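Please look over the model shown here. The report below takes up its surface, its helix packing and its charged pairs.

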Amino acid sequence: MDAPVNTNLLELYRTMRRIRTFEERVGELFVRGQSAGSMLHLSIGEESSAAGVCAAMKPQDTFTTHHRGHGIFLARGADPKRMMAEIGGKETGYCRGKGGSMHIADMALGHLGANAIVGGGIPAVIGAGLSSRHLKQDSVSIAFFGDGAMQQGILYESMNMASLWNLPVLFVCINNQYGMGTRIDQATRNTAFDQRAKAFGLNGAVVDGLDVEEVQAAARWLVDEARAAKPGFLSVEVYRFFGHARMDKSPYREEAEELEGRKKDPVLFARNKLIDTGIEEERILDELDKAIAAEMDATIDFAVESKAPPLGSMFKDVYAAGEPEPESVRARIDRVLARDDA
């Protein structure tokens, strides 16, 4: 009898492989000079945090991300073509090319917005959680952030409010060991981050991001608890394979450390687990990887071939629907001069 297929692990692997390949293509777009802006932050090495936590969420749940949030949005169901177009600053992107890599948002998928400010997206989930409770939406709001945000005061204000008001909120720290170029143990004495959350009365857990199934299990417990008005905190321990940004060659890390750190590869770990346990054949996974590579190749073609947004579109989407658009400086000057001439 054939071994039963672990559809959960296979699907988690597929999600992580899609994230890894998408991020590799994002790097290619940047090198080709076809991405918008001068900064780009890849989440290679962190795929288990996105795949595991998002797999524990329900369709009505919402979330915020940090500047390294491509993988999280993709795991949540985002269209990679629209994502790549946004990173390329094109009109076909999620924010019509205005958000770029670090400011993607989509209310339809519950994405309340990425934020380039360290810890900047955290307090938004407090408002979302409060709204969910009052409107009886049965939704959980999750804040994703890096270990650098563990030194930001807004996190502790937010955790205190979430605990005090019993909000359906989960704080997820993706601890990739470095806040820009500063190693975490050089930024704080105590790196047991769950202890900080527990001090505020939250559920807290730390999980090794090498095994995506363990991440999912921890996230499912915390998300279910948050839905029952017991907010929580999860720290996923991973290793950032590359520098802070695409052009950062990480001179602050020894080569030996990077080689050792990259052995903690959640994508490769899941792949080997599928093969070693007889869940899936290597040949089938090779075919899956090839199909994903073709899918992500198409994202670059879509982004490159899409049109840039017209200049006048900068005045769109500034205010709520039905409100007048802001007036450009040129239009205001022309209006004032025309009145003076009269």
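Met161 sits in helix α6, which spans residues 153–164. The model is a predicted one. Met161 has a relative accessible area of 31%, so the residue counts as partly exposed. That value lies between the limits of 20% for buried and 50% for exposed.

Met161 also takes part in a surface patch. Together with Leu164 and Trp165, Met161 makes a nonpolar patch of about 290 Å².

## Packing of α1 against α10

Two packed helices are described by the angle between their axes and by the distance between those axes. Helix α1 covers residues 7–31, and helix α10 covers residues 266–276. Their axes are 9 Å apart, at an angle of about 145°. The crossing of α1 past α10 is left-handed.

Which residues meet between the two helices? From α1 come Leu9, Leu10, Tyr13, Met16, Arg17 and Arg20. From α10 come Pro266, Val267, Ala270, Arg271, Lys273 and Leu274.

Arg17 and Arg271 belong to a network of salt bridges. Glu282, Asp286 and Asp289 are linked in that network as well.

The cut-off for buried is under 20%.

Leaving aside residues up to four places away in sequence, Phe22 touches His70, Leu74, Pro80, Met83, Met84, Ile87 and Met296.

## Ala298 and Pro80

Ala298 is placed in helix α11, residues 282–305. Ala298 and Pro80 are 218 residues apart in sequence, yet their C-alpha atoms are 9.2 Å apart. Ala298 has a relative accessibility of 26%, and therefore counts as partly exposed.

## Salt bridges

Side chains of opposite charge can pair when their charged atoms come close. How many salt bridges does the structure hold? The count is 28.

One of them joins Arg25 and Asp297, with the closest N and O atoms 2.7 Å apart. This pair links distant parts of the chain. Arg25 is in helix α1 and Asp297 is in helix α11, 272 residues apart. The two partners differ in cover. Arg25 has 10% relative accessibility, so it counts as buried. Asp297 has 37%, so it counts as partly exposed.

## Two further pairs

Arg68 and Glu46 form a salt bridge through their side chains, at 3.9 Å from N to O. Arg68 is in the loop between β1 (62–65) and α3 (70–75). Glu46 is in the loop between α1 and α2 (47–54). The pair therefore ties together parts that are 22 residues apart in sequence. Arg68 and Glu46 are both buried.

Lys316 and Glu325 also meet in a salt bridge, at 2.9 Å from N to O.

Note on methods:
Residues numbered from 1 in each chain as written. Predicted model: local features only at pLDDT ≥ 70, side-chain atom pairs only at ≥ 80, totals over all residues. Heavy atoms only, no water. Patch = residues over 30% accessible without salt bridge, like charges linked within 9 Å, V, L, I, M, F, W, Y side chains within 5 Å. Areas by Shrake-Rupley, 256 points an atom, 1.4 Å probe, with all protein chains shown as cover. Salt bridge = Lys/Arg side-chain N within 4 Å of Asp/Glu carboxyl O. Helix = DSSP H or I, 4+ residues; strand = E, 2+ residues; numbered from the N terminus. Buried < 20%, exposed > 50% of the residue type's maximum accessible area, 1.4 Å probe, protein only. Axes fitted to C-alpha atoms, helices over the stretch in contact; angles between N-to-C directions. Left-handed = near helix turned anticlockwise from the far one by under 90°. Contact = heavy atoms within 4.5 Å.
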